[in-house]
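Student: I would like to learn how to read side-chain features in a structure. Please take me through them one at a time.

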Amino acid sequence: VQLQASGGGLVQAGGSLRLPCAASASISRGYVVGWFRQILGKEREFVAIYSWKNFETLYADSVKGRLTISRDIAQNTMYLQMNSLKHEDTAIYYCAAATAWGTMPARYKYWGQGTEVTVSS
């Protein structure tokens, strides 16, 4: 599985961004796709996960109600819509794929390169 995240940038607090994660076609075999973020000097943390097989989603409490996952089946692309952004959302965001449901980064074998999101306060 190959993944490529993009769409990061600089945005003011309260603004929005949409991060695409383009995946190879094998993602449709039922992988779990997750979004994680990492601040320099801190551990990578779970943001949201999505099951390509049964459409189940799960969000971290810190982003619930502000971030939403969607997908384009034809394009094998998952999107992370980020609304009402806060300064504390500033991080490098990664998309990753795993064969089983879970929020721990160690469960995810396939990772895309990160895309940087900066939210100015």
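**Reading the side chains**

Tutor: Start with a salt bridge, which is a side-chain nitrogen of Lys or Arg within 4 Å of a carboxyl oxygen of Asp or Glu. Here Arg37 and Glu45 are joined by one through their side chains, at 2.6 Å from N to O. The model is predicted: local features need pLDDT of at least 70, side-chain atom pairs count only at pLDDT 80 or more, and totals for chains, interfaces and linings use all residues. Residues are numbered from 1 along each chain as its sequence is written, and side-chain values use heavy atoms, with hydrogens and water left out.

Student: Is Arg37 buried or exposed?

Tutor: Buried means under 20% relative accessible area, exposed over 50%, and partly exposed in between (1.4 Å probe, protein chains only). Arg37 has 6% relative accessibility, so Arg37 counts as buried. Glu45, with a relative accessible area of 36%, is partly exposed.

Student: How many salt bridges does a search of the whole structure find?

Tutor: The search finds four. Among them is the bridge between the side chains of Asp61 and Lys64, at 3.1 Å from N to O. Both Asp61 and Lys64 are exposed. Another joins the side chains of Asp89 and Arg66, at 2.7 Å from N to O. That pair links distant parts of the chain, 23 residues apart: Asp89 is in the loop between β8 (77-82) and β9, and Arg66 is in the loop between β6 (57-59) and β7 (67-72). Strands (E, at least two residues) and helices (H or I, at least four) are DSSP runs, numbered from the N terminus. Asp89 and Arg66 are both buried.

Student: Which residues are linked in a network of salt bridges?

Tutor: Arg37, Glu45, Arg66 and Asp89 are.

Student: How do I read aromatic pairs?

Tutor: Rings of Phe, Tyr and Trp (its six-membered ring) pair if their centres lie within 6.5 Å; planes under 30 degrees apart count as stacked, over 60 as edge-to-face and the rest as tilted. By this rule there are six aromatic pairs. One of them is Tyr31 with Tyr110, edge-to-face at 6.0 Å centre to centre and 85° between the planes. The two are 79 residues apart, with Tyr31 in the loop between β3 (17-23) and β4 (32-38) and Tyr110 in strand β10 (residues 110-111). Tyr31 is buried at a relative accessible area of 14%, whereas Tyr110 is partly exposed at 22%.

Student: Why is the pair of Tyr94 and Trp111 called edge-to-face?

Tutor: The ring centres of Tyr94 and Trp111 are 6.2 Å apart and the planes are at 80°, so the pair is edge-to-face. Tyr94 is in strand β9 (residues 91-98) and Trp111 is in strand β10, 17 residues apart. Tyr94 counts as buried at 15% relative accessibility, while Trp111, at 29%, is partly exposed. Together with Phe36 and Tyr108, Tyr94 and Trp111 form one aromatic cluster.

Student: Which residue lies over the face of Tyr94?

Tutor: A charge sits over a ring if NZ of Lys or CZ of Arg is within 6 Å of the ring centre and within 35 degrees of the ring normal. Arg44 lies over the face of Tyr94, 3.8 Å from the ring centre. Arg44 also lies over the face of Trp111, 4.6 Å from that ring centre.
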